[in-house]
Amino acid sequence: MSVLIILLIPLVATALVCIPLKRAWPMAVTVVANAALLVLTTNIAWRLAAGGPFVSAPPVWMLKWISVDGLGALIVLLISLVATTAAIFSIGYLGHENLAPGKLRLYYANYNLFIFSMVAIPVLAEPTLVWIVVELTTLCSALLVSFDNTTEALEASWKYVLLSLLGAGFALFGFLVLFAAMQASGSSQPYTWSGLIAAAPRMPPVLLQTAFVFILVGLGTKVGLVPMHTWLPDAHSQAPSPVCALLSGVETTAILYVILRMFPVMQAAPNSHADAWAILLGLISVGTAAFLLLQVSDYKRMFAFSTVEHMGVILTAVGLGTSAASYGAMQQIVAHSVTKSFCFFAAGATLLVVGTREIAAVRSLIRRSPAAGAALVLGGLAITGAPPLAVFLSEFSILKAGVTQSRYIVTGLLAVFIVIAFFGIMLHVNRIVFGASDEDRTDGLEDKPIDGKKHPDTPSQQSNNPIIQQSVNPIPLSCKLALVLASVPVLLLGVYIPKPLHDLLALAAGALTK
Amino acid sequence: MFNRILFNLIQVLVVMAFAPLVSGILSRLKEMVQSKRGPSIFQPYRDLWKLFHKDEIVSEESSWIFRFTPYIVFVAPIFVTLLIPVLTNYPLFFAFMGDMLGGGFVLALGGFFATLAAIDTANPYGPVGASRTRMVGFLAEPVFMIVFFTVSFVAGSTIPYIVQAKWVTPMANFFAPSHVLLVLAFLMLILAEGGRIPVDNPSGHFELAMIDESKALEYSGRGFALMKWGGQMKMLVLMCIFLNVLVTPWGLAGNQTLGGLHLLPPVAGPDLRVAAVLLAVPLVALKVFCFLLVLVVIESSLAKLRLFRISEFLGAAFVTSVAAMIAQVFLP
Amino acid sequence: MSGATGQLLENLNALAGGLFLLAAFGMVATRQARGCLNLFITQSLLLAASAALLGLRYGSEHLYGVAVVNLISKPIIVPWLLRKTSPGEVYTRREVEQVLNIPTSLLIALALVVLAYFLGRPISNSVASQFRGPNIAIGIAGLLLGAYTLTVRREALPLLLGVLAMENGAFFTGIAISRNLPMLVELAIATDGLIVVFIMGVLTRAVQKHAGTTAVGELATLKEAAAESPAQAAKEEALAK
């Protein structure tokens, strides 16, 4: 029953925020709703980790397609965690702007719908329904991406919607073929993830392979795997920062989860090459993203590329196929979600302080705003996998799993790309935070008004001029709170994984490997 | 044997006799659509009569090609008439000489000489029209090829008499995608080859915009009459191929039923009765008239395309014909 | 179902498929946005027709449901939603210059159809005979042509219709090979298509308002190192002076 409540909470919250009350109303509703969601999902995850049975809704009508296993619980947990911190961050981020109440309600209504669509992905077990909610994530977040209504934001949003839907079209075909494969296998199982695994050995291999490739390519577009990634840096940099945290931190992960669901099916079928596909696409993604990271000029874009990189790492890890590698992949999913959301909060705080997204225009941030500077450094270190932070631990266990499996080439390439990405990101972060300040640069003052107009992220910037630019906008209290909250798992998971979480990760990894 | 030779001659005579009438009816119908009265439907006959009684002027600069071309243009459609089913659904005496491809080549020969003749005189408008006709021709050629290939792919033959039977046995074949799409593609081809709107405006008198007409600008008297008559016959022959071979063989001797009712007592084997062949004349005329109505609707509702858009029109025809072929391949 | 009627229904279905393919070609090549919309509506009608014919052929009520859903959502609600959400300008737009000229586009489209044939054949070979038919390959062709439309078009409306055409293509295969999908799923997918139209319509309106054009494909400010270019341009301007 609690599964149904999980789905209902965001919907109720959507309805509530539409009631035109005071400005604080939608903010409060969203924070409370997502916190409640977090408590509920933690409860479910806890029970599953303790060895409880799959959580499903009563098997009547369409509710029979709702069920949560370990992997699903892990994703839902991450979504609600990031949704809560992002909701808190939104208060300060949006409160800072003088938005019209209608626009504010629109933001929160979209926000909660977006959360609903994401939460529904791991909760639903019927693949075509999952496809529908995947498409819903795109549609619900499109207006969030274009929220600033600048030409750039609209362009990013359009690209995002168009390419995602392009991918979704291919994925739809894949799922229909998968259904045909299910029928052809003569299985009496229901068309769900577990039913697919049971039917896989008797499916015609051609149908299964076709379905897998179409789903991998189609949903891979939305995950941001490399040949199809072009929209991702645009959308993930132009959206408001809390939305970026959701998009980069959990949306990509949630979609990747759907792809991951296909792996046990493929492994159950004879001679499938799913692992090879995963490693190929994964390595290409990591490699391309690592090199692109070296030449970014926008720090939000930088974190967006880092998302591409991490998705590649996860996919490669899953492609390695052993249970140790799968465990590492699960760890990486958790680490990436918490860290990337923190990074975007840090980037959002920086944006609030300096009012531009350009790396070249921000120098010596640590002097102008120690809090934003420190957060950015921590975020940069954390996302690139510096010890002893969460990503370090997960990447280390993936590399270890690769080496013990004697997959030296794959592991070696992965390690090299991760190191390149480390340098790419830290180079830029270092410049922003500790670089020579504006006063030392001759052209710094000339550039900024132009840039400020080019990237009007907040209304305060629309009246942008060098004098205001120099003054430091304070970071709102709620943003600081969100940063602190988001930093807890980043710091904690690097040194200590609690027993229940470990069990949950093992459970999730177990769902991936046959 | 004698009947088959006779019927062949009847076919030729029918095509020669009715070709001007068809063009007369078409222009009259168009005038009616445009709320004009228009000339009588027999006007083309009067034109031909008048032209045959006029003196012919031939440029001193021109060569033998110019003088011979009218005869070739006139004879080519007659040759094709010998090969195709105009009145019967079984092959006649001369039908062994060529298939649809052969007929296409013979028609193209007439066009080729008309083009040469247009260049032969020093008239500046002739070569303009000739080069444009060639452009349309080049673009139409691949479509013709694909249409014929698809036909042979579906029916296993390019003999028109075998092809026409294919579409109606069984009747479900009539709705096969390859058939309907082929008909569409060939209709577009007729528009292009016959110099009809939207490719060319046959009633235009503005030399710079002409495609087909300008090739005969230098002709006068008997030569012009033959060119005109030949052109009219070519149009009718194309219509016959379209209606009798590609759309349906209905109304031909051997296939004269109306709602399951035989118009003449049925016979076994090819229907060699003279009455059946004579009955086929009005039935085919009815089909041609229906087609003329379609043509008038097309010509009245579309505008002439700009010259460089013609490639897109024929591109569409090409895609349609390829779609016809692909749809056939896609059938399991 | 007697053999002759079955044959007739199959041929009619194949005819719907052939015309479906032709409509997909048309959407690649048509200049006018309005023409593109009409072609899309035709295509949807053909999809519904094919579903109904297959339903009749194999006695599946479920396919009638699909036909009805398609008949209502795409030819009726989609144009209505478009009128409500997107600016009227999108209808009047013409793409005089496409990324590739139209004959080249058509040739590439033909190549894609051949590819669809090679993708469709193994699928067709590995399903039961009652699921075979021209629908599989034609659906894949529709999918690929829709995707191709998305890559060569720049105008908002043809792009949007390209997305829906992809969905049509996927469904055209779907009605043949996975015709027992739960009705709820079909309804949800149709609703989803409408949300696509709504959201993209709203976005188009916003783009038209803020960028002054509906040629969304020509918006290209976001590129790698795009942020540096204004500064560079300013510097170059200063140098030129």
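Which residues does A:Ile383 touch, not counting residues up to four places away in sequence?

## Surroundings of A:Ile383

In this predicted model, A:Ile383 touches A:Ser306, A:Thr339, A:Lys340, A:Cys343, A:Val391 and A:Ile425, once residues up to four places away in sequence are left out of the count. The residue itself belongs to helix H15 of chain A, which covers residues 370-384. A:Phe303 lies 80 residues from A:Ile383 along the chain, and the C-alpha atoms of these two residues are separated by 8.6 Å.

A:Ile383 counts as buried because 31 other C-beta atoms lie within 10 Å, where 20 or more are required for that class.

## The side of chain A that touches chain C

Two pairs of chains touch, and the pair with the most contacts is that of chains A and C. Here 45 residues of chain A are in contact with 47 residues of chain C. On the chain A side, at least two residues each are supplied by helix H5 (127-145), helix H6 (151-184), helix H8 (205-223) and helix H18 (444-454). H6(A) provides the largest share of this side, with 20 residues.

By residue class, the side of chain A that touches chain C is made up of 25 nonpolar residues, together with 10 polar and 10 charged ones.

## Chains A and B

Chain A and chain B, by contrast, are joined by no contact, and the closest C-alpha atoms of these two chains lie 17 Å apart.

How values were computed:
Residues numbered from 1 in each chain as written. Chains lettered and ligands numbered in written order. Predicted model: local features only at pLDDT ≥ 70, side-chain atom pairs only at ≥ 80, totals over all residues. Contact = placed C-beta atoms within 7 Å. Helix = DSSP H or I, 4+ residues; strand = E, 2+ residues; numbered from the N terminus. Nonpolar A, V, L, I, M, F, W, Y, C, P; charged D, E, K, R; others polar. Buried ≥ 20, exposed ≤ 12 C-beta atoms within 10 Å, placed from the backbone.
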